[in-house]
Amino acid sequence: MGAADDATPLAGFRAGLRVGFGIQGVIMVGTCLSYGALARETGMGVLYSAATTSFMWALPAQIVFAELFAGGASLLAILIAVGVTNARFTPMAVALMPVIRGWGPRKLAFLAVHFVAVTPWALTMRDAPAMPVPQRMPFWLGIGLVNFIGGTLATAAGNILAVAFPPYVSLGMVFLVIAYWSILFTDVSERYARFAVGIGALLGPLIFLATPEWSLLLGGLIAGTAAYALNRRLEERDARRAAVATVGGGEDA
């Protein structure tokens, strides 16, 4: 009876809420507080800055928006820049949907996909495959709702409390999420993910110096491709060694 209850969608949703209120949720709130303060410095009000969190839901895109907004860029330029910055979520959503679908109406996927962000995506891709299928979508929604609501409220709070934050504190809090991602990916079992993080950390600053506007996309593309190629080469090497060991063991027998 207890095992059956643990496999319900409600149990998955509760598990997602627990994760959302955990350390990654605290870091998400911290970064959104920082962004709210940054948004105030660019001239955005409380509702305006909170709306950018609600609709964009991606800190790099929000920072791009704030910088262009402060610089007086046209609406078209801002839309293109934000769209290009958030384009990285498309393959993430494509990878996520087969993992979490299988419970609830098909239309629920349109709500679920809005919550795609790096941290909840990584946690769900790590934990959800081991869950019963009916729990996976509720688990994702639990994390997503906590992060989304908490992040929006934290952005508004950061905007209001901006006067209490020294500038170096506001900027430093932005890097909390980067630190958390690095810690999170050390727990990922797939070797290629660790390669991607390491290569991206090395190449990212150099690419940014060369082309700040395209550094995020190019850094992800180059690091991901290099990590995939390196992992494939190592897998082929391991397979050859395993084959040689098998043949050698057979001959000894």
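**Salt bridges, helices and a nonpolar patch**

Aspartate 127 and arginine 126 are joined through their side chains by a salt bridge, with N to O at 2.9 Å; the term requires a side-chain nitrogen of Lys or Arg within 4 Å of a carboxyl oxygen of Asp or Glu. Please note that this is a predicted model, in which local features need pLDDT of at least 70 and side-chain atom pairs count only at pLDDT 80 or more, while totals for chains, interfaces and linings use all residues. Residues are numbered from 1 along each chain as its sequence is written, and side-chain values use heavy atoms, with hydrogens and water left out.

For accessibility, buried means under 20% relative accessible area, exposed means over 50%, and partly exposed lies in between (1.4 Å probe, protein chains only). Aspartate 127 is partly exposed, because its relative accessibility is 23%; arginine 126, at 34%, is also partly exposed.

How many salt bridges does a search of the whole structure find? The search finds three. Helices here are DSSP runs (H or I, at least four residues), numbered from the N terminus. Glutamate 236 is partly exposed at 40%, as is arginine 232 at 38%. Arginine 237 and aspartate 238 also form a salt bridge, at 3.1 Å from N to O.

Let us turn to helix H9, residues 118–127. Seven of its 10 residues are buried, so H9 is largely enclosed by the rest of the structure. The buried residues are Val118, Thr119, Pro120, Trp121, Ala122, Leu123 and Thr124.

Finally, the surface. Leu202, Leu203, Leu206, Phe208, Leu209, Trp214, Leu218, Leu221 and Ile222 make a nonpolar patch of about 940 Å². Helix H13 (191–210) and helix H14 (215–252) are the elements that give two or more residues to this patch, and H13 supplies the largest share, five residues. Patches are made of residues with over 30% relative accessible area and no salt bridge; nonpolar side chains (Val, Leu, Ile, Met, Phe, Trp, Tyr) are joined within 5 Å, like charges within 9 Å. Accessible areas come from the Shrake-Rupley method with a 1.4 Å probe. Leucine 221 belongs to helix H14 and counts as exposed, because its relative accessibility is 55%.
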